[in-house]
Amino acid sequence: MSWMKGDLLSKTRRLVGGLATREPVWLKAMEASPPPVFPRSNGKIQKIVLPEDPYVRKFANKHPGTKIDDPAKISAFIPDQARVYGCRVLELKEHGISEGDAMSVANMEYLSERKEMKKAYKRLKELAVMQDKDPPPKPYPSAKKGLITQSKTSTKDRFQTPSVRRLVNQLKNEKDVLLQDRTGGSANQDNWIDE
């Protein structure tokens, strides 16, 4: 269907030229001032790449515990640690520092900030114990421990949910009834031969 290709103006011109339809009132006005033509992507969508992306990847490889798993945090106003690291490296490079030195300075800044946060958390924890309150959540939880606790809670929750427990008990009861009855179709399929 080659006659369907093109924009509205070219399609209408072909239909009018082929005497398939009569000329619309708006065609001359549209030819005088045609609509803007926007470029097409031709099926190739370019990946959005920011200047700090290579440094963000290097930071994520060096510190795997800082990866964000929660999709709600990705769209937060506060950038993640890897993005801050990448922007800091670019900022230092603009001041004339070499790439390797800029990365090591930004890494030292990150580690010192993390150390300060851990000290502050330790102090908050001590204060919470003195006041008989629950300690605040950790600012930098371990990635491995987080994955382990997530998997443990999900397997435990599977059997502790009341609806699942009811379903399991119902299935157990049906199985017991079928085993006691022995005339059910699914419990003993060879039963019809014996009769």
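This is a predicted model: local features need pLDDT of at least 70, side-chain atom pairs count only at pLDDT 80 or more; totals for chains, interfaces and linings use all residues.
Residues are numbered from 1 along each chain as its sequence is written, and side-chain values use heavy atoms, with hydrogens and water left out.

User: Which elements give two or more residues to the largest nonpolar core?

Analyst: The largest nonpolar core has 11 residues, among them Phe59, Tyr85 and Tyr110; such a core is a set of buried Ala, Val, Leu, Ile, Met, Phe, Trp, Tyr and Cys residues joined through side-chain atoms within 4.5 Å. Two or more residues come from each of helix 3 (53-62), helix 5 (81-94) and helix 6 (99-130).

User: What is the angle between the planes of phenylalanine 59 and tyrosine 110?

Analyst: Rings of Phe, Tyr and Trp (its six-membered ring) pair if their centres lie within 6.5 Å, and planes under 30 degrees apart count as stacked, over 60 as edge-to-face and the rest as tilted. Phenylalanine 59 and tyrosine 110 are 4.8 Å apart, centre to centre, and their pair is edge-to-face, with an angle between the planes of 85°.

User: How many residues apart in sequence are the parts that the pair of phenylalanine 59 and tyrosine 85 ties together?

Analyst: The ring centres of phenylalanine 59 and tyrosine 85 are 4.8 Å apart and the planes are at 35°, so this pair is tilted. Because phenylalanine 59 lies in helix 3 and tyrosine 85 in helix 5, the parts tied together are apart in sequence by 26 residues.

Conventions. Buried means under 20% relative accessible area, exposed over 50%, partly exposed in between (1.4 Å probe, protein chains only). Helices (H or I, at least four residues) and strands (E, at least two) are DSSP runs, numbered from the N terminus.
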